Amino acid sequence: MARGPLMILCLAAILAAGFSRVGAAGDVELGQYLAGECLGCHMADGSDHGIPSIIRLSEADFVMALNAYRDGLRAHRVMQMIAGRLSESEIAALAAYFGGLE
């Protein structure tokens, strides 16, 4: 394979992987099922008592935040541990659930 097409193919794969982290549509029902652990600290009513609210947080912001914790780019040991256990589809599901709460 010529070098040019190989570079284009590699770049396309990298871009697709990056977009899948932010752009995947989440399963709201799965998000609701998984949300119990989150709601142990993050208040369901959206109040903020030293722990930020995640209610109505945009899906993109939610996904970016959890990926940053999982990748060690945001410092918080508990959140890093929790995010580290979640798959891409679970993060997307949680984002869809919390983003849709009123």
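**Exercise 1. Which residues lie nearest the centre of the largest pocket, and how many residues line it?**

Solution. The model examined here is predicted.

Step 1. The lining of the largest pocket consists of 21 residues. Nearest its centre lie His42, Ile51, Ile54, Tyr69 and Met79.

Step 2. The space in this pocket amounts to about 450 Å³.

Step 3. By residue type, the lining comprises 15 nonpolar, 4 polar and 2 charged residues.

Step 4. At least two lining residues come from each of helix H2 (28–39), helix H3 (59–70) and helix H4 (77–85). The most is given by H3, with 4 residues.

**Exercise 2. Describe helix H3 by its span, its buried residues and the residue Gly72 that follows.**

Solution. Step 1. H3 contains 12 residues, and the distance from its first C-alpha to its last is 16 Å. This is close to the expected 16 Å at 1.5 Å a residue.

Step 1. The buried residues of H3 include Phe62, Val63, Ala65, Leu66, Asn67, Ala68 and Tyr69. Of these, Tyr69 is also among the residues nearest the centre of the largest pocket.

Step 2. Gly72 follows H3 and has a positive phi, near 80°. Gly72 is located in the loop between H3 and H4.

Step 3. The relative accessible area of Gly72 is 45%.

Step 4. Between the C-alpha atoms of Gly72 and Ala83, which are 11 residues apart along the chain, the separation is 9.8 Å.

**Exercise 3. Is Cys38 buried or exposed, and which residues does Cys38 touch beyond four places in sequence?**

Solution. Step 1. Cys38 belongs to helix H2.

Step 1. Its relative accessibility is 15%. Buried means under 20%; therefore Cys38 counts as buried.

Step 2. With residues up to four places away in sequence set aside, Cys38 touches Ile54, Leu94 and Phe98.

Step 3. Cys38 and Leu94 stand 56 residues apart along the chain, and their C-alpha atoms are separated by 9.2 Å.

Methods. Residues are numbered from 1 along each chain as its sequence is written. This is a predicted model: local features need pLDDT of at least 70, side-chain atom pairs count only at pLDDT 80 or more; totals for chains, interfaces and linings use all residues. Side-chain values use heavy atoms; hydrogens and water are left out. On a 1 Å grid over the protein atoms alone, a cavity is a set of points where a 1.4 Å probe fits but cannot get out, and a pocket is an open set with protein on both sides within 12 Å along at least five of seven lines; lining residues have an atom within 4 Å of a point. Grid points are joined across faces, edges and corners, and a volume is the space filled by probe spheres set on the points. Ala, Val, Leu, Ile, Met, Phe, Trp, Tyr, Cys and Pro count as nonpolar, Asp, Glu, Lys and Arg as charged, and the others, Gly among them, as polar. The expected span of a helix is 1.5 Å times one less than its number of residues. Buried means under 20% relative accessible area, exposed over 50%, partly exposed in between (1.4 Å probe, protein chains only). Contact means heavy atoms within 4.5 Å.
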